[in-house]
Amino acid sequence: MSMTDVIIAGIGQTPVGEHWEVSLRSLAVKVMRSAIQDAGGLHPQALYVGNILAAALSRQAQLGTLLADFGGLRFDDKEHRAGIEAETIEAGGASGGAALRQGYLAVLSGYVDVALVVGVEKFTDMLGPDVEAAIATATDSDFEAVQGLTPTAQAALLARRYMHEFNVPADGLAGFPLTAHANAAGNKNAMYRKAITLEAYQKAEVVSDPLNMFDVAPNADGAAALVLTRRELLLKDFSHPLVRIAASASASDTLGLHNRLDPLWFAAVQVSVEQVLRKAGVEREQMDLFEYHDAYSIYAALCLEAAGFAPAGQGWKLAAHGSIALTGQIPCATLGGSKGRGNPGGATGVYQAVEAAVQLQGRAGSNQIPGAKLALIQCLGGPASTAVTHLLERISD
Amino acid sequence: MTTPLSSSTTLLKPSRPVGIIGYGAYVPRYRLPAKEVARIWSGGKTSGLPIKEKAVPGLDEDVVSMSLEAVRNAMQRAGIDPAEIRAVWIGSESHPYAVKPTSTIVAEAIGATPHVQAADMEFACKAGTEAMVMAMGLVGSGMARYAIAAGLDTAQGKPGDALEYTAAAGGAAFVIGPAEESLATLNASYSFVTDTPDFWRREYQKYPEHGQRFTGEPAYFKHTSEAGKAMLEASGTTAKDYEWAVFHQPNTKFPQRVASLLGFTPEQTAPGLLSPVIGNTYAGAAIIGLTAILDVAKPGDRILMVSFGSGAGSDAFDITVTDKLPERRDKAPSTQEYIARRTEIDYATYARLRGKIAMK
């Protein structure tokens, strides 16, 4: 560790759900204020916003400036000149992780002393077909969306292939939503605070064969925020255990699924995980938890495999055998993941960072992983067309 | 957002006591099972259907003919001279004419014209209870001795839409008059209304649109529970003070859940919960439930009714049955008799009856 450690100085999050009566800006501003307050009032010099759909669903671009403005952050000094840097980062479902990475790089480099990262998504401003069409813009639109392929159909195709290739039983992916829901029960910010049974999974209505309702994380509104700064800039009375971002990596793959040699191997996941482990000088086996990308249960399985926690075709067994439970070898979705907490689109990566920080700071209550020190977090754009991976580490008690 | 409630400022209470003199229901005979809709549109799924079946109007039935049936039943029970009626108000979102009242036809047919008010109400599914509140006012102020309030619909659901399972036909009518002549007194009403766009149909559109899940929490549950709570609070009552309760019933689950939220038991809502077997009769849904309760209630029984109309609002009513109910009850067919009069149809027949097949 060094004085240039980038520390998570403050966190904020809103419960994920259907916030019909709250606008995108109100959702975001609320968590921005919570994070700044949690950081003891540090004033950000830069704001990075993770979001996918605001332009399509809320008819709003320039979220960076909007949120800096309405968050009361426009001024970067006492002379009240306009100033703070504020931008939106878009990388599909990996937008939140990508925004976090921008904040990390800015603070690490010294160009920015305090960065505020906010992930926000507002689905409920529009209905059904409009939302589906907007979400499908994250595919290779000219080749995929134009054929009517939605991200859910894409995941279903992968799940069908996975089951065929590796002889996975029809309920083989059940362990992922079962774990997610069991963990979400202990998270007051989760959308579904209720465990589910295997029987409920087996009886659930099909969404896109072979994926059923429990294989597909519910898209929902949410916002989460983080304040990042260098260790020496923390306020003197900073009281939380120190959690640093030990490493950050982002990798891309083909945008269209059809251009992959092996669609069941998430190469961007592998590359970005290997990079963060190498940069931080730690082993995969040292991870105390893994917040993977479970927008679809099949993606959780493929993440575990490409990240090296299971051989190809065996990831589902980790879930089926309890290895990803809170008490398992590699606890995953420890506060519910996207399936249990809810899938807040471009805010997902920021929620993951907030949740990992909660675990590493020992603030996870009944979901606490005892003595958690290292957390791997990863969000994906599409079927790992983008993979953004961070390694978070507790460096003090 | 809201100021504290006091019964003197929020409850709608007439200057002189009013009540229901006569009531009547109508349900057309055709039934389309929900599984038949699922067979066509949802791969034949049999679980998770919102109701068992819904009532469908015949080829020659509309809100005029159905209103007339319900109003005649109400008049049978009321046993009054139609010339004494000073208003005929009919709530619906499926009036046959865009311009020309349903209510004039009904008023003329029962012999209430020409010394009469006549108007059609529209407030999605609570147009019927709007008419009831207006009738309470007209009679309660002393401007009239009797007024008729009715709510009926031949609801249309877009083919394949979630609402096609439930959009049904039927409704009820009431003769409102002085409390001393009534079979049930209307002690007070309370209305909770906001601008909440959960369901709508613009001019020249054939089928309504809805806000999907937005129709639940922010619309139905917020308005019905707020109206119910306010009525209980302002009346100084709890669910235990009522023998019966009925809520707007767009499906089976919604009314069950709001009833439970307000502390009512399944036994209290059972007689009025008709949506499982007739569907959502829109402007008729809450009030036809009330007629089924009146069919079984005893003198002294207290009833809570809460309607809901998209757009959105709820009217709550505190009602007490009098000793005149038993002698009038059997003067017209009971609501359950209409429900038992049942001819099952398939989707093709339904498509024909509801004009879903383009003929030109």
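Author: Let's start in a loop: the one between H4 and S5 of chain B is where you'll find B:Pro114. Keep in mind as we go that this is a predicted model.

Reader: What about phi? Which residue with a positive phi follows H4(B)?

Author: That's B:Gly111, with phi near 85 degrees. In B:Ala124, phi is near 40 degrees. You'll see B:Ala124 in the loop that runs between S5 and helix H5 (127-140) of chain B. Over in chain A, A:Asn167 has a phi of about 50 degrees, again positive, and sits in the loop between helices H6 (151-166) and H7 (175-184) of chain A.

Reader: Is B:Ala124 buried or exposed? And A:Asn167, buried or exposed?

Author: Count the C-beta neighbours inside 10 Å. B:Ala124 has 24 of them, so it counts as buried. A:Asn167 has 8, so it counts as exposed.

Reader: Back to H4(B), then. At what angle do H3(B) and H4(B) pack?

Author: To read a helix pair, look at the axes. H3 (residues 63-78) and H4 (residues 102-109), both of chain B, pack at about 40 degrees, and their axes are 9 Å apart. That angle is why H3(B) is called oblique to H4(B). The crossing is right-handed. From H3(B), the residues in contact are B:Val63, B:Val64, B:Ser67, B:Leu68 and B:Val71, while H4(B) supplies B:Thr102, B:Ile105, B:Val106 and B:Ala109. Sorted by class, that's seven nonpolar residues, two polar ones and no charged ones.

Reader: Which residues of H4(B) are buried?

Author: B:Thr102, B:Ser103, B:Ile105, B:Val106 and B:Ala107. Those buried residues pack against H3, strand S4 (85-91) and strand S5 (117-121) of chain B.

Reader: S4 and S5 are strands. How do I read the sheet with nine strands?

Author: Walk across it in order. This open sheet goes S5-S4-S6-S7-S1-S8-S13-S12-S11 in chain B, and its pairing is mixed. At the edges are S5 and S11 of chain B, which each pair on one side only. On average, and ignoring direction, neighbouring strands are turned by 20 degrees against each other.

Reader: Which way do the side chains of S11(B) point?

Author: B:Trp244 and B:Val246 go one way, B:Ala245 and B:Phe247 the other, and all are buried.

Reader: Which helices lie against this sheet?

Author: Among them is helix H6 (residues 216-235) of chain B, touching S8 (184-196), S11, S12 and S13, at about 35 degrees to the direction of S13(B). Helix H10 (residues 285-294) of chain B lies across strands S1, S6, S7, S8, S11 and S12, running at about 70 degrees to S7(B).

Reader: And how many strands form the sheet with the order S3-S2-S14?

Author: Three, in another open sheet of chain B with mixed pairing. Its edges are S3 (53-56) and S14 (343-344). S2 (residues 30-33) and S3 run antiparallel, joined by four bridges, and B:Pro33 is placed opposite B:Glu53 of S3(B). Helix H2 (residues 34-41) of chain B packs on this sheet, touching S2 and S3 and making about 50 degrees with the direction of S2(B).

Reader: Last one: how many residues does each chain give to the contact between A and B?

Author: Six residues come from chain A and six from chain B. On chain A's side, the classes are two nonpolar, one polar and three charged.

Key:
Residues numbered from 1 in each chain as written. Chains lettered and ligands numbered in written order. Predicted model: local features only at pLDDT ≥ 70, side-chain atom pairs only at ≥ 80, totals over all residues. Axes fitted to C-alpha atoms, helices over the stretch in contact; angles between N-to-C directions. Helix = DSSP H or I, 4+ residues; strand = E, 2+ residues; numbered from the N terminus. Parallel < 35°, antiparallel > 145°, perpendicular 65-115°, else oblique. Left-handed = near helix turned anticlockwise from the far one by under 90°. Contact = placed C-beta atoms within 7 Å. Nonpolar A, V, L, I, M, F, W, Y, C, P; charged D, E, K, R; others polar. Buried ≥ 20, exposed ≤ 12 C-beta atoms within 10 Å, placed from the backbone. Pairing = 2+ DSSP bridges.
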